[in-house]
Every structure is written in structure tokens, then in C-alpha cells.
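Trainee: Could we take a close look at one part of this protein, the nonpolar core and the aromatic rings in it? I would like to go through it slowly.

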Amino acid sequence: MIIESKYDFDLDMINTNSLSLIINQIKRGSTVLEFGPANGRMTKYLKEALGCKIYLVEIDEQAGKEALRYGEDLLVDDIETYTWLKRFENIRFDYITFADVLEHLHDPERVLIKAKTLLKQDGSILFSVPNLAHNSVLINLMNHEFEYTKVGLLDNTHIHFFTKNSLEHAMNRTGLTVAKRFATYAPVGSTEIEAAYTSVLGIDESFWKMRPYGDIYQFVYEVKLGAEFVEETENYIKSGTHPYFIQLFMNQGDGFTEDFARTIPVEDTVKIQELEFDVPEGVRSIRLDPFNAPCMVEMLEASDLIEGEKKPLRYMEGNAAYRDGDKYIFTSSDPSIVFAPAEGRNLYHIKLAFRYITVDSLKVNAIWEFFESVWAEERRKLSEKEEQYQAALKEAAVLRREIETLRTDNAIFRDKAASHEKTLQELLGSTSWKFTRPLRKIGDIVHGRKG
């Protein structure tokens, strides 16, 4: 059963969505059987823009009547009663569409098997289904959360779920051949499900971002009766919407600009990243942006081949929060390292090799915070030592002043002693001292002093 009121919105043919992907496969003037048209947002476009004849199967009578304004005929019934088989048995369709419908059915494979009997030999079934294995669903499951929502991946009217592999297996069981694969994408945090790449402790956000099909919101397939009816097979499915990448910039004297930039996607954050390239004449320096997110990087090689000999490039500058030799911690989302020529002003044949120690921003920030806390403690200890040193300097200055005072007093004392000594010597050598010597002896005898 489909609650149609939730799906009454305008059709967006500018941005990529499941309806626009389906419509873009339908040729002008085709005969179409549309299951679950709701209020006719796609029906209207097929009729007015492409001149198609559209036959409709809709469970909601009011919504179906609105869609019938653009259709040829309408059957109001549950799809799984199969009354549409009798109603349209004398028509062969170029296209049969199930836009966000199969997930509402108990046995979607049986419906597809029945529906293909109404196709022309070279006709197509076009359908879109949500991806249950979207990262946001798995992240919440890892945290023991699973809540239905009013719309979207876990719409509370969904009774059947699909993943990439389960969808492929279903097509094999129905005997249908996939001609084209498309997808719509939505990164974690942009859907109706509240989740974040960093929500699961112990799992790097890089795991989610690099996980195949993890950011696919819906799968959109075109399938046919057999391989003999497939004119072209195309697979437009990408691994995700947030691929990591490396960028190289070359400075020919006007700074680093996008005109001389090269972008290299990162397919695997575990393996060593190797770049080797010839440098155009006139380039004075190169800039390596090793990642498009915070990371820790170890440079394994940065060399230039000059006359058959490898020579290390010179590190010029970068925006690492911390650098220790060839290891860098970048807290910026746009990390960069600038290298100068190994010798002279020219660059020739460059080889760069590096590995990611981690691309998990939580780990990067945690490590950086740890370093900062260690440095803060060291700064505190150094500050204490500085205070002790300054106190010792002050105490030493007081002692120096006391010593200088003692030296001054001692000098004064010595001067006075010398003056007294001189006076004494002068007295001892004087005539009066010699003349009174006999008298001093008599005084000694009188007073009992020994001479």
C-alpha cells in the first residue's frame, strides 16, 4: 500500500533525482505503463514534454484522478491484485515504470515477472529503489538505532528493502537483463536520517567515505527481456559522492593557480600514493595537497631526476599544524606542502611518494590535542623553571650587593687600619717616645708589669 500524499511534489528535471533519471531514458512518443504515479508529477512531464501515451495504476483514487489528467486510462487498485494484467492485456508497452514503488510491495519480483509480459520485445522496465545499505542506516545500526521515518530510506510504508547485491540477485531471478545502472547520491548528514561519519567509536570516518555504494541513496535501473534486446550496457554507479583526492599545483612565477592544477582521485587510503611526472619548463616550485581533509602524512620520497641522478627536493613551506622531518599533521581541510628545486631554479622529472598515517579527522584532532596538551604541560614546567631562575637571579643580585657592601666596608677598614699603623710607627720612631722609655719602665715596675 502506498500513502500517496507524501509523494505530491513538483518534478525537478534540473537536479539529478530518481524521476529525472527514469524520464531521461524514455523516448519521445512512447507508450508507457506507469505504476504508482501519485498525483502525476512524472505523468505530466511524459505527456507534455515527450508526447507519450501513459496508462496508470494507482491505489489512491483521488491521486489517480489527478494523474489521469495527463494519462490515457487509470486503474485504481492495489498492484498485487494483478487486475492490471487483464485491464491492459491488449497493449504492449515501450516502457513500464516503477518509480519508488517496488519497496512498497510484498513480492516485487513476482510483480516484475508479471509486468514483463506486457512489454514490447525491445521494451524496458525502469524502476528506482532506496538503498538500505546507505551509510547513515548502517551507522545508526552500529549504534543500535533503527527508526522508521515519514519519508526516505526508512519510509514507514516500506515493506521490502534492497541493497546493491540483493537487487542484482533479484534481476537474475526474474529473468530480466540489466541494461543501465544509475544512482542518486546523498552523503551522511544530508538525508532525513540523523547520523554522522564520526558517530561510531572505533571506526574511522574514512571507512564510511570510501565504502562502495555507501552514499548511494537510490538505485535506478533499466532492465530488458533478455541480453539480445540490450543495445548498450552502461553503468553510471560511482562508489560515493565524497571521493578523496590529491592535487598538484605548479608555480610558474604567478603563484599556484587552478590553471596548472592536476587532481588525482584516491581510491585506497591504505596503499602508498605514488606520483611521477615531467615538469614543464619555467616551473619554479610545486605544491602537493596530499588530501582534501585533515590527515597525518608521511612523505616517503620527494625527488627530482637530474641527469639520471635522483636528488631530494627542498621543503619550502606548508600549512601543517606540526611537522617532524617527513611526518606532517594537518588539521586543515586543505593541507599543502611546497617543494623547491633540488638545485638551481629548475624542476625536471618529479617523483612523490607518501602514505596516510590516518585520514580520520577525529584521530587527527585527538593527536593534535594530545600534542598541544603535552606542549602546554612542558610550557608550564618551563614557566615554573623560568620563575625559579628569575627568583634565583634576584637572590643572587641581593647577595652580590651584600658582597659589594662587605668589600666596601673591608676596604674602608683596611684604609683605617693602615692609617693607624702609620700613626703608630710614627709614634714609635719619635724622639718623645724614645725619651720617655725609662719612665715607662719605672711605671711597669710600679704597676707590676713585666718589661
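Mentor: What follows goes from the core to one of its contacts and then to ring pairs. This is a predicted model, in which local features need pLDDT of at least 70 and side-chain atom pairs count only at pLDDT 80 or more, while totals for chains, interfaces and linings use all residues. Residues are numbered from 1 along each chain as its sequence is written, and side-chain values use heavy atoms, with hydrogens and water left out.

A nonpolar core is a set of buried Ala, Val, Leu, Ile, Met, Phe, Trp, Tyr and Cys residues joined through side-chain atoms within 4.5 Å, where buried means under 20% relative accessible area, exposed over 50% and partly exposed in between, with a 1.4 Å probe and protein chains only. The largest such core has 35 residues, and Phe88 is among those with the most contacts inside it. Leaving aside neighbours within four places in sequence, Phe88 is in contact (heavy atoms within 4.5 Å) with residues including Leu33, Tyr55 and Phe93.

Rings of Phe, Tyr and Trp (its six-membered ring) pair if their centres lie within 6.5 Å, and planes under 30 degrees apart count as stacked, over 60 as edge-to-face and the rest as tilted. The count comes to 15 aromatic pairs; Tyr55 and Phe93 form an edge-to-face one, 5.7 Å centre to centre with 70° between the planes. Tyr55 is buried at a relative accessible area of 15%, and Phe93 is buried at 0%. Elsewhere, ring pairs link Phe35, Tyr82, Trp84 and Phe98 into a cluster.
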